[in-house]
Amino acid sequence: MASPHVLPSYLEQEPQVRERFSRLKARKVILQVKDLGKTFSSRQAETVALRNINLETHRREFLCIVGPSGCGKSTLIRILAGLEEQTSGEVLLEGKPVAGPGRDRGMVFQGYTLFPWLTVKKNVMFGLEVNNMNKASAETEALQWLDLIGLEKFADLYPHQLSGGMKQRVAIARALANQPRILLMDEPFAALDAQTRAKMQAHLLEIWRKIDITIVFITHDLDEAIFLADRILVLKAHPGEVQELIEVPVPRPRHLTQCITDEFLATKARLEELIYSVKTDHDAEEETIAGGDTSLYPMVARLTDVADNVE
Ligand SMILES: Nc1ncnc2c1ncn2[C@@H]1O[C@H](COP(=O)(O)OP(=O)(O)OP(=O)(O)O)[C@@H](O)[C@H]1O
Ligand SMILES: [Mg+2]
């Protein structure tokens with residue numbers, strides 16, 4: 001009888017992957033998060049959403065952040081965006097402290113955030129004109145961005161005339177049009193069906209390959225994280241802390257067929273081990289009160305859904 005196939009360690013990297021990571025780490029640091037903490041206080045309770053978060057991303061790095069529901073992913077990205085203030089620690093973008101929102105950071109979130117009363121082209125032009133670009137130049141630039149995302153033919157349509165995937169592509173073009181140093185994405189494809197999501201992932205990698213942008217991307221979907229990322233930051237919940245930073249051993253350029261390779265499966269096994277096996281004080285408390293932490297169940301259902309679609 002054949003012996004069962006044993007996956008290699010996710011820490012094993014082929015020479016060309018190792019080489020890629022040494023080049024990545026030699027690049028300039030774009031974003032630095034130092035000893036970051038966030039506590040939400042109300043009269044009833046104090047919630048430690050983030051504790052002692054440290055991370056660095058390099059120029060043109062693609063960093064994914066994963067972790068169970070409530071581990072502080074959105075809080076972290078909102079602090080990076082300047083929409084939320086940390087309780088302790090600091091965030092430096094190209095060495096300068098982040099205080100409030102700024103043009104140097106583009107954002108794409110899950111909900112469709114396009115202005116419904118503006119055409120696709122005018123949605124992309126909006127930020128450019130706000131930043132004092134004249135109308136003619138803003139129009140030329142907007143059309144170039146729409147060309148890059150493959151939607152130039154839809155420039156004069158309104159958001160309600162687009163599919164969900166197309167809307168998110170416009171949102172990406174709009175965020176990139178201001179030429180940010182870093183693109184912050186919080187579950188941008190979570191509302192899309194599995195096929196559209198896979199296409200959007202490929203699109204995003206294509207855009208990222210063409211321009212000088214560092215991406216921080218939050219997702220619940222472990223396959224998505226492995227497919228996209230150079231490195232994956234794994235957070236744990238209650239309180240939100242860094243568990244591990246994984247260097248994805250899957251070579252680039254990425255292709256969907258890689259999701260059954262040993263490197264991919266070994267990374268996924270490690271992520272599952274980290275995310276599903278951790279017990280927090282909070283879990284133990286909830287188990288005694290309510291008989292279990294149900295916050296993970298929707299995630300398990302979604303992962304099963306993805307596995308079904310992979311066939
Ligand atoms: N404005 C707020 N006021 C009080 N508590 C908050 C606030 N925003 C977030 N929290 C708490 O902080 C913790 C982290 O929330 P956050 O939304 O960042 O988690 P998440 O990892 O993005 O979760 P999900 O995967 O469900 O999107 C949670 O315990 C949440 O209840
Ligand atoms: Mg969130």
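The shell around ligand 1 consists of Phe40, Thr47, Ala49, Gly67, Ser69, Gly70, Cys71, Gly72, Lys73, Ser74 and Thr75, where a residue counts as near a molecule or strand if its C-beta atom, placed from the backbone, lies within 6 Å of it. The model is a predicted one, in which local features need pLDDT of at least 70 and side-chain atom pairs count only at pLDDT 80 or more, whereas totals for chains, interfaces and linings use all residues. Residues are numbered from 1 along each chain as its sequence is written, while chains are lettered from A and ligands numbered from 1 in the order in which they are written.

By class, the shell around ligand 1 has three nonpolar, seven polar and one charged residues. In this division Ala, Val, Leu, Ile, Met, Phe, Trp, Tyr, Cys and Pro are nonpolar, Asp, Glu, Lys and Arg are charged, and the others, Gly among them, are polar. Strand E2 and helix H2 each contribute at least two residues to the shell, and the largest share, three residues, is that of H2. Helices (H or I, at least four residues) and strands (E, at least two) are DSSP runs, numbered from the N terminus.

E2 belongs to an open sheet of four strands, ordered E2-E1-E4-E5 and paired in the antiparallel sense; two strands pair if DSSP finds at least two bridges between them. The edges are formed by strand E2 (46–58) and strand E5 (96–97), each of which pairs on one side only. E1 and E2 run antiparallel and are joined by nine bridges, with valine 29 opposite histidine 58 in E2.

A second open sheet has six strands in the order E6-E7-E8-E3-E9-E10, with mixed pairing. Its edge strands, each pairing on one side only, are strand E6 (105–109) and strand E10 (241–247). From one strand to the next, the twist averages 20 degrees. Within this sheet, strand E3 (residues 62–66) and strand E8 (residues 214–218) run parallel and are joined by four bridges; phenylalanine 217 in E8 is the bridge partner of cysteine 64.

Helix H2 (residues 73–81) lies across strand E1 (29–41), E2 and E4, at about 60 degrees to E2. H2 also lies across E3, E6, strand E7 (182–186), E8 and strand E9 (231–236), at about 150 degrees to E7. Axes are lines fitted to C-alpha atoms, for helices over the stretch in contact, and angles run from 0 to 180 degrees between N-to-C directions. Contact between two residues requires that their C-beta atoms, placed from the backbone, lie within 7 Å.

The axes of helix H3 (residues 120–130) and helix H5 (residues 164–177) come within 8 Å and cross at roughly 25 degrees. H3 and H5 are therefore roughly parallel to each other, given that angles under 35 degrees count as roughly parallel, over 145 as roughly antiparallel, 65 to 115 as roughly perpendicular and the rest as oblique. Their crossing is right-handed; a crossing is right-handed if the near helix is turned clockwise from the far one by less than a right angle, and left-handed if anticlockwise. Val120, Asn123, Val124, Gly127 and Leu128 of H3 make this contact with Val170, Ala173, Arg174 and Ala177 of H5, a set of six nonpolar, two polar and one charged residues.

The axes of H3 and helix H4 (residues 135–148) come within 8 Å and cross at roughly 125 degrees, so H3 and H4 are oblique to each other. The crossing of H3 with H4 is right-handed. The contact residues include Val120, Val124 and Leu128 of H3 and Ala138, Ala142 and Leu146 of H4; by class there are nine nonpolar, no polar and five charged residues.

H4 and H5 complete the set: their axes come within 9 Å and cross at roughly 135 degrees, and H4 and H5 are therefore oblique to each other. H4 passes H5 in a right-handed crossing. Glu141, Ala142, Trp145, Leu146 and Leu148 of H4 meet Ala173, Leu176 and Ala177 of H5, and this contact has seven nonpolar, no polar and one charged residues.
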